[in-house]
Amino acid sequence: MANRRIRPERAYEPKDIDALDLRLLTELQADARLSLAELGRRVALSAPAVADRVQRLEESGVITGYHAEVDPRALGFPVTVMVRVRPAVRELQRISKLAQEVPQIVECYRMTGEDCFYFTMHLRAVDELEPILDLFTPYGQTTTSLIHTAPVPRRPLPLD
């Protein structure tokens with residue numbers, strides 16, 4: 001399976017997912033590069049049957065993409081930062097737009113609570129942090145945390 005994002009054609013209802021779909025999803029979360037033949041062997045289906053099910057899961061939005069997980073430190077980004085932003089009145093849209101424009105920001109969430117946005121970014125050095133934060137401070141209050149370790153690294157969704 002190639003690394004790609006998938007656009008769902010329709011919403012998927014949880015009642016539409018059966019035990020075999022869950023087994024396929026569990027295998028794909030562990031290794032999205034499995035061939036359809038190997039995936040079929042693991043769940044006792046033919047490769048064409050697996051292809052049909054995977055395509056249905058993609059088209060319905062259950063599978064949203066395939067990707068390679070990369071260690072930012074290995075690529076020269078040893079500093080990971082999490083930032084919460086409490087926007088000033090009427091500045092919600094501006095915070096979201098700014099976050100989209102900053103390439104170091106790898107994920108951004110709008111959330112409930114006093115802080116409306118949370119984003120994660122990877123930096124080559126701590127010195128890169130201040131100019132990025134300065135983009136946001138005219139439009140809200142920021143709270144920044146440097147990440148030391150990840151005691152629970154990203155893991156697959158438990159489907160059983």
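## Exercises on strand pairing and helix packing

Cys 108 stands opposite Phe 119 in strand E5. The exercises below concern a predicted model.

**Exercise 1.** Determine how E4 and E5 pair and what connects them.

*Solution.* 
- Step 1. The pairing of E4 with E5 is antiparallel and extends over five bridges.
- Step 2. E4 and E5 form a hairpin, with six residues between them.
- Step 3. In the turn, Gly 113 has a positive phi of about 105°.

**Exercise 2.** Classify Ser 145 as buried, partly exposed or exposed, and describe its surroundings.

*Solution.* 
- Step 1. Ser 145 belongs to strand E6 (residues 140–146).
- Step 2. The relative accessible area of Ser 145 is 34%. Buried means under 20% and exposed over 50%, with partly exposed in between; Ser 145 is therefore partly exposed.
- Step 3. Leaving aside residues up to four places away in sequence, Ser 145 touches Thr 80, Val 81 and Met 82.
- Step 4. Lys 97 is 48 residues apart from Ser 145 along the chain, and their C-alpha atoms are separated by 22 Å.

**Exercise 3.** Describe the packing of helix H1 against helix H3 and the residues that make the contact.

*Solution.* 
- Step 1. Helix H1 (residues 19–30) and helix H3 (residues 47–59) pack at an angle of about 85°, and their axes are 11 Å apart.
- Step 2. Angles of 65 to 115 degrees count as roughly perpendicular, so H1 is roughly perpendicular to H3.
- Step 3. H1 contributes Leu 20, Asp 21, Leu 24, Leu 25 and Leu 28 to the contact, while H3 contributes Val 50, Arg 53, Val 54, Arg 56 and Leu 57.
- Step 4. By class, the contact has seven nonpolar, three charged and no polar residues.

**Exercise 4.** State which residues the annotation "domain: HTH asnC-type" covers and give the helix and strand content over them.

*Solution.* 
- Step 1. In the unreviewed UniProt entry, this annotation covers residues 17–78.
- Step 2. Over residues 17–78 the chain is 53% helix and 3% strand.
- Step 3. The end C-alpha atoms of residues 17–78 are 40 Å apart.

Note on methods
Residues are numbered from 1 along each chain as its sequence is written. This is a predicted model: local features need pLDDT of at least 70, side-chain atom pairs count only at pLDDT 80 or more; totals for chains, interfaces and linings use all residues. Side-chain values use heavy atoms; hydrogens and water are left out. Axes are lines fitted to C-alpha atoms, for helices over the stretch in contact, and angles run from 0 to 180 degrees between N-to-C directions. Helices (H or I, at least four residues) and strands (E, at least two) are DSSP runs, numbered from the N terminus. Angles under 35 degrees count as roughly parallel, over 145 as roughly antiparallel, 65 to 115 as roughly perpendicular and the rest as oblique. Contact means heavy atoms within 4.5 Å. Ala, Val, Leu, Ile, Met, Phe, Trp, Tyr, Cys and Pro count as nonpolar, Asp, Glu, Lys and Arg as charged, and the others, Gly among them, as polar. UniProt positions are given in the numbering used here, feature names are shortened, and annotations may be inferred rather than shown by experiment. Buried means under 20% relative accessible area, exposed over 50%, partly exposed in between (1.4 Å probe, protein chains only). Two strands pair if DSSP finds at least two bridges between them.
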